[in-house]
Each structure stands twice: as structure tokens, then as C-alpha cells.
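Visitor: I would like to learn how to read a protein model. Where do we begin?

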Amino acid sequence: KLEWSGRVLVSVFGNSRRTNNADVPLIVRPDSASGLPQGGGGMSIRQSTLGLAVTSPSVWGADFRGDLDVDFYGGQQPSAGGRTFPLLRLRTARAILTWAHGELLVGQDVPLVSGLNPVSLAAVGTPGFSAAGNLWLWLPQARATVERGTKIRLAVQGALLAPMTSDPASAFNTDFDVAERSKRPFVQGRLRLRWGQGEQQAELGLGVHRGWFAATGDSLLLGRGVMVDAMIPVGTRIDVRGEVFDGRGLRPLGGGQVGQLFGKNGAVVRGHGGWGQVNWHVTQRVSVGSGYGFDDPEDADLGTGATLKNTTMASYMIVRPAGPLVVSAEWRRTTTTYAVRAYQNDHLNLGLGFEF
């Protein structure tokens, strides 16, 4: 069975200050000396998404699901059209075999140890609270899960992930980065506890991460982390979700340590962070929510001009007024702290579109 899904979304947005990205800002940049206003507004449609899924009820005695998810947030061609000529981008692509007490996944997905994302239609191209506590980056991987229990289910999970530093790559030709030169995959493990069913399913997770980076000679630098995640329904209309982490060298997972991997004397940057969000499903067609995230690198590890801290708070409303139509409004305040001062940006986003 083959199924298609997607969302066509027009985003109308504005920023009060200068940011790293206009439509989905993650950090606030220092003011420019151009004399022009530091903020502005615009529109884009590149957070639209397309997905397909293939299901089969019996493959090696398991239920099979294969799915693919793409968007148009892969950048834009340097042309007169700019943001109106976005590039197609592969987000996730997974083959999943599910047995009664186990699961095998091969493909590209979120990190095993940080699989949650906040609810948002203003932060689709890059998930909400990125660089402010959310480790989200889609990575090629293979993972296995073994689960036991009925009402309360305990699972042990493990994954091997593609090593990378998240350094920018050239348009066509690529070379090994220092994570790939370690000749070791990233390794992650997680204990998962679940109870409830369907929309009332709750989940707690405790994960560990290990990654290696090549240094001069035959030595290796170690990245590591401990992560806790939770998704807890409160009654039938409210859910609380979030993640926290502590570790070093977590930029490859999606912006840990505010995207800073190496600091003074080439040492791997340490830090901690996390995010949380409360969502209230007022009716079947109206949802509201609010959350907060932060990423706080260890100041002693950072060099001159580094980012000392990044925080984001956000509130949203999503309305599905009729049929496939969807409307959203979101306010987000991000504060980025540098050695000289902190800069604050207010981001407003109105989303208009339809889903299928």
C-alpha cells in the first residue's frame, strides 16, 4: 500500500533584529554597521513538505513500513528569485521492520537519544529550539529495539550513526571531515519506558552518546553526552514534552553547544541544554502551546568571539478551520549572548496553507 501526504505552507514572517536566517531564525547576530534597519519582514513557501509511505503486513514475519519525507528548505539558488527558487531537501528516509517485541530501522532519521521535536508550523525547515536545547539533525543510521511488557513496556535500544561534524560542504565535491577521519561511527544507546496507547501513550527515555573526532597523529578526541527525554499526556487534551542533555562535542547532532565544536587549544566544547513545551488541544481543530529552550556552553572552553549562551521562548496557535486548511500564528523570542553583550530578537510568523 502506497500513501502520499504533505503540507503546502506559505510563511509570512518578521524579525526585530538581525538573525542567522530570516524565516526560521536560530540565533541573533550582532548589529551590522550598514546604517540600515536591523530587522525586516518577508514571505516564503519553502517550509512546504511532501511525504510517501509504503506498508506491507508480512516481511520476514514483521510489519514493514518504508517512508520518505522531503521539503524545500535545502537553500536557494543564487539568482534574482532568491528565496522563491528553493531547493528540494531529503529530511528522513526509513525502512522499518516491527515484530511483537522488537524493531529494526535502517535509513536517515533523528538521533536515537533525542527523537522529540516541539509542535510548530513556524519551525519546520529547522525544528523549534534548535541551537537552544534541541538536538534534532537527521543522520543516516541503523538502530535496533527490543521491548518487553504489556501495560508498562521497557525497551533497550542501540544505534550506529554516520559520523560528521556538520561543517558546510561544497556544492558537489566533498571530503572526509574530522569525524569521518576517526573511522568510527557514532554510537548511541537508550532505555525507553512506555505506557498507555494511542494519543494517551506516555514515554520516558534515558540515552547516552559517543562520538570520535580525529586529531593530529593517531589520537582521537571524544564527544559524549547523556540525554533525558519525556512525552507525558496530562488528561485527554494536554501534553508535556521536552529533552535535556549534558555533554561535549554535540554539534553534529543538531546545534549542541550553540553550534560550536572546538574551542580553546582545539578542545571539544562542553555544555548543557534542553527544552520543554506544554501543548493544549483546545478542540479537535484548535491547539495552543508554549515552551522554552536553552543551550549553555562551558565558558572556559570558548575562545574569543564565541557564543556564550542561546535561549528561545515561543508560543503558538494552530487552527484547522475547515477541510484541509491550516492557519498558524507563532511568536518567538531568542536571546543570544556574546562576550560583549546580549542581542534579542522577536520573531513573528503567520502560516497559511493546506494539508493532504
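**Reading the chain**

Guide: Buried residues make up 42% of the 356 residues in the protein chain. Keep in mind that this is a predicted model.

Visitor: What radius of gyration does the protein chain have, and what would a compact globule have?

Guide: A compact globule with 356 residues would have a radius of gyration near 21 Å, and the protein chain has 21 Å, so the two agree. Along the principal axes, the C-alpha atoms fill a box of roughly 65 × 60 × 40 Å.

Visitor: How do I read a nonpolar core?

Guide: In soluble globular proteins, nonpolar side chains tend to be buried together. Here the largest nonpolar core has 18 residues, and Leu 135, Met 227, Leu 250 and Leu 253 touch the most other members. A second, separate core has five residues, including Leu 9, Leu 121, Tyr 316 and Val 326.

Visitor: Which residues does Leu 135 touch, not counting those up to four places away in sequence?

Guide: Among them are Pro 111, Met 227, Phe 245, Leu 250 and Leu 253. Ser 114 and Glu 243 are also touched by Leu 135.

Visitor: Is Thr 312 buried or exposed?

Guide: Thr 312 has a relative accessible area of 4%, and buried means under 20%, so Thr 312 is buried. Its place is in strand E15, residues 307–319. The side chains of Thr 312 and Thr 334 are joined by a polar contact of 3.1 Å. Beyond its neighbours within four places in sequence, Thr 312 is in contact with residues including Phe 129, Ala 132, Tyr 292 and Arg 332.

Visitor: Where are Lys 183 and Gln 257 found?

Guide: Lys 183 lies in the loop between strand E8 (152–161) and strand E9 (186–195). Gln 257 is in helix H1, residues 256–259. Lys 183 is exposed, because its relative accessible area is 78% and exposed means over 50%. Gln 257 is buried, with a relative accessible area of 0%.

Visitor: How much accessible surface does the protein chain have?

Guide: The accessible surface comes to about 17,500 Å², and 61% of that belongs to carbon and sulfur atoms.

Terms used:
Residues are numbered from 1 along each chain as its sequence is written. This is a predicted model: local features need pLDDT of at least 70, side-chain atom pairs count only at pLDDT 80 or more; totals for chains, interfaces and linings use all residues. Side-chain values use heavy atoms; hydrogens and water are left out. A nonpolar core is a set of buried Ala, Val, Leu, Ile, Met, Phe, Trp, Tyr and Cys residues joined through side-chain atoms within 4.5 Å. Buried means under 20% relative accessible area, exposed over 50%, partly exposed in between (1.4 Å probe, protein chains only). Contact means heavy atoms within 4.5 Å. Helices (H or I, at least four residues) and strands (E, at least two) are DSSP runs, numbered from the N terminus. A polar contact is a pair of N or O atoms within 3.5 Å; within protein, one must be able to donate a hydrogen and the other to accept it, and residues adjacent in sequence count only if both atoms are side-chain atoms. The radius of gyration is taken over C-alpha atoms; the globule rule is 2.2 Å times the number of residues to the power 0.38. Accessible areas come from the Shrake-Rupley method with a 1.4 Å probe; for residues, only the protein chains shown count as cover.
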